[in-house]
Amino acid sequence: MFKRILLKLSGEGLMGNKPFGLDEEILKNTAIEIKKAYDKGFEICIVIGGGNIFRGLSGAAGGMDRVKGDHMGMLATVINSLAMQDSLNRIGVPAVVFSALSMPQICETFVQEKAIKAIQDKKVVIFSAGTGNPYFTTDTGAALRAVEMKCDAIFKATQVDGVYSSDPKKDKNAIRFDKVSFDEVLIKKLKVMDATAIALARENNLSIVVFSMHEKGALANVMDGKGIYTEITNSKE
């Protein structure tokens, strides 16, 4: 069903019960889930948010300059990306980190041709520092990189098994969708990804698959078209 995907992970999802930072056990387990899909021959790109370390928008709300705050958030995503690269390397999965900001002593600077070559060389490619510009979220960065890498879909890992009409943890009557259109997501303000990311995916006919990675083997299963998930496309049909 899918061959090349971009996996969008939240930074908060990697910190477990800690107040901030990374939970080594969750990081390791996430890497193992990625390896299961990698071992099946799937091509995987990754974008990880930085909310477990710093959020530019939160900093701005506290009076910090928004641009400075967003730059700090970008650096947080680099930290998470390097941690994921290390976890994958330790279990035998070759991975390379590309940054939208130039920091050659730490990782590769993003160049589309180099990133595609890395995928063709059977490496997991991790994109960090968002788009390299303030005022854009890692959701938008993920959509942009997915289009540039010619991915079949964005896989958004969440705490629930798909898209719901409202928060299923707060509303017992929340309805889960198997398929939903981009227009519905925007009109109904369903909390999936930010509007810019949704618009970019819609314009490039790039599906978004929303699923939970809490179940073992979930990523590989969903990439095979199995398991429980919601697919967002230009049409519900």
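**Largest pocket.** I started with the largest pocket, which holds about 1100 Å³ of space. My model is predicted: local features need pLDDT of at least 70, side-chain atom pairs count only at pLDDT 80 or more, and totals for chains, interfaces and linings use all residues. Residue numbers run from 1 along each chain as its sequence is written, and side-chain values use heavy atoms, with hydrogens and water left out.

A pocket here is an open set of points on a 1 Å grid over the protein atoms alone where a 1.4 Å probe fits, with protein on both sides within 12 Å along at least five of seven lines; lining residues have an atom within 4 Å of a point. A volume is the space filled by probe spheres set on the points.

I found 44 lining residues, with Arg 55, Asp 139, Lys 156, Val 192 and Met 193 nearest the centre. Helix H3 gives the most to this lining, five residues; helices are DSSP runs (H or I) of at least four residues.

**Second largest pocket.** Next I looked up the second largest pocket, at about 440 Å³. It has 18 lining residues, and Gly 13, Ile 26, Thr 30, Met 213 and His 214 are the closest to its centre. H1 supplies the largest share of that lining, six residues.

**Glu 33.** I then checked Glu 33, which lies in helix H1 (residues 24-39). Glu 33 counts as buried because its relative accessibility is 8%, and buried means under 20% relative accessible area with a 1.4 Å probe, protein chains only. Beyond its neighbours within four places in sequence, I noted contacts from Glu 33 to Met 213, Glu 215, Lys 216, Gly 217, Ala 218 and Leu 219 (heavy atoms within 4.5 Å).

Technical notes
Helix = DSSP H or I, 4+ residues; strand = E, 2+ residues; numbered from the N terminus. Buried < 20%, exposed > 50% of the residue type's maximum accessible area, 1.4 Å probe, protein only.
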